[in-house]
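Here is a short briefing to read alongside the model. Take a look at the structure first, and then we can walk through a few of its features together.

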Amino acid sequence: MNNLDLSAAKKRIKTFMRNVGVDDIGFANLKDYDSPKSPVVTDFFPQARSIVVLAYKELSTCASTNMQIAMNGRLDLMEFSRSCNYKLARLLEKEFGDQAMTVPVSYPLEMSKRTGGAVGEVSLRHAAHAAGLGVFGRNNLLLHPRYGSRIVFTAVLSTLDFDSDPKIEDELCTYCDICVESCPVGALDEEGQTNVNRCLRNSQPYGLGASIGFWSKMSESSVEEQKKLLLDDHYWRLYQAQLIGFQYCCFNCLSTCPIGQ
Ligand code: B12
């Protein structure tokens, strides 16, 4: 470990992960990662020194008007990304004597009143920005120079003290406001801030709020009404979401962005 050439290690890791199939990869030293609303990484991983961020292009499914197809494309990506994260973590541990910890696309998330179920252990947008993979756009998403908003990230936390890759300094967003106009609930009206409640209710109609609403109604209903509720499409969708995981039913701010298309 002592004489490890970190720039040679970076090269090896980049080549390995590109061969695995990721679309881009960047390194961020922890001192360049700044996300004030996120947990402090060294509080839960004291030996962490850097974040290796992997980027995956969203499939064209994200533009489908059929939400089953759109969500399925994301599920494909999420499954692939899990194996990429795991492969990277194994490489870091086996070849470089690292202790590596993986950060998923979205969940598991801390589900608590403190976070509102809306704060990840690592903010992947901020990590990707520090790793030179993109810049924030008007849609509050990170825009990648080649793929625009149609990009999703995972990461692996590492004890190796990698230097950060150069940040992208250019502005990529043209402030055309198509993302703002395409949001059906006005969640992007205020610049620099996504209205989380509006976005959540619209993009995850079968999420926690819907589940609490459904079961509250059930508990207050007569036996006849309960039978009707259980035979309603809404319950069937909730049931499916509970088996599969979080269901995103809106991709508008991501898929309508013309950058990189
Ligand atoms: C919880 C969560 C949500 C929540 C809350 C969003 C939020 N405010 O952070 C909800 C459900 C609303 C949500 C919605 C979406 N999400 Co989401 N989400 C996450 C998750 C799991 C955690 C985010 C987090 O920790 N936020 C808390 C803190 C860090 O946010 P924040 O400091 O308040 O930062 C916000 C603003 O201050 C602003 N901001 C911060 N700094 C700067 C700097 C500049 C210059 C600007 C302009 C803005 C800006 O951007 C943030 C957006 O509100 C991440 C995965 C992860 N682990 O990072 C994915 C993630 C952010 N989501 C993602 C996506 C794609 C979506 C959706 C398109 C839904 C979908 N169909 O996939 C929408 C987009 C909404 C939008 N346009 O903002 C991607 C973004 C990819 C990208 N290209 O940037 C991520 C990174 C998942 C991934 N692995 O790639 N998400």
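**A tryptophan, a strand and a ligand shell**

Helix α9, which covers residues 233–244, contains tryptophan 236. Please keep in mind that this is a predicted model. The points below start with that tryptophan, then turn to a strand pair and the ligand surroundings.

**Tryptophan 236**
- Tryptophan 236 has 12 other C-beta atoms within 10 Å, so it counts as exposed.
- Tyrosine 206 is 30 residues away from tryptophan 236 along the chain, and their C-alpha atoms are separated by 9.9 Å.

**Strands β1 and β2**
- Strand β1 (residues 24–29) is largely enclosed by the rest of the structure, because five of its six residues are buried.
- β1 runs antiparallel to strand β2 (residues 50–57), and six bridges join the two.
- Phenylalanine 27 has valine 52 in β2 as its bridge partner.

**Around the ligand**
- There are 34 residues around the ligand, and those that come nearest are Gly120, Leu124, Phe136, Leu141 and Thr194.
- Two or more residues of this shell come from each of α4 (124–130), β6 (151–158), α6 (196–203) and α10 (252–255).
- Which element gives the most to the shell around the ligand? That is α6, with four residues.
- Sorted by class, the shell holds 20 nonpolar residues, 12 polar ones and two charged ones.
- Domain 1 (6–158) and domain 2 (178–255) each supply at least three residues to the shell around the ligand.

Terms used. Residues numbered from 1 in each chain as written. Predicted model: local features only at pLDDT ≥ 70, side-chain atom pairs only at ≥ 80, totals over all residues. Near = placed C-beta within 6 Å. Nonpolar A, V, L, I, M, F, W, Y, C, P; charged D, E, K, R; others polar. Domains from an automatic or database assignment. Buried ≥ 20, exposed ≤ 12 C-beta atoms within 10 Å, placed from the backbone. Pairing = 2+ DSSP bridges.
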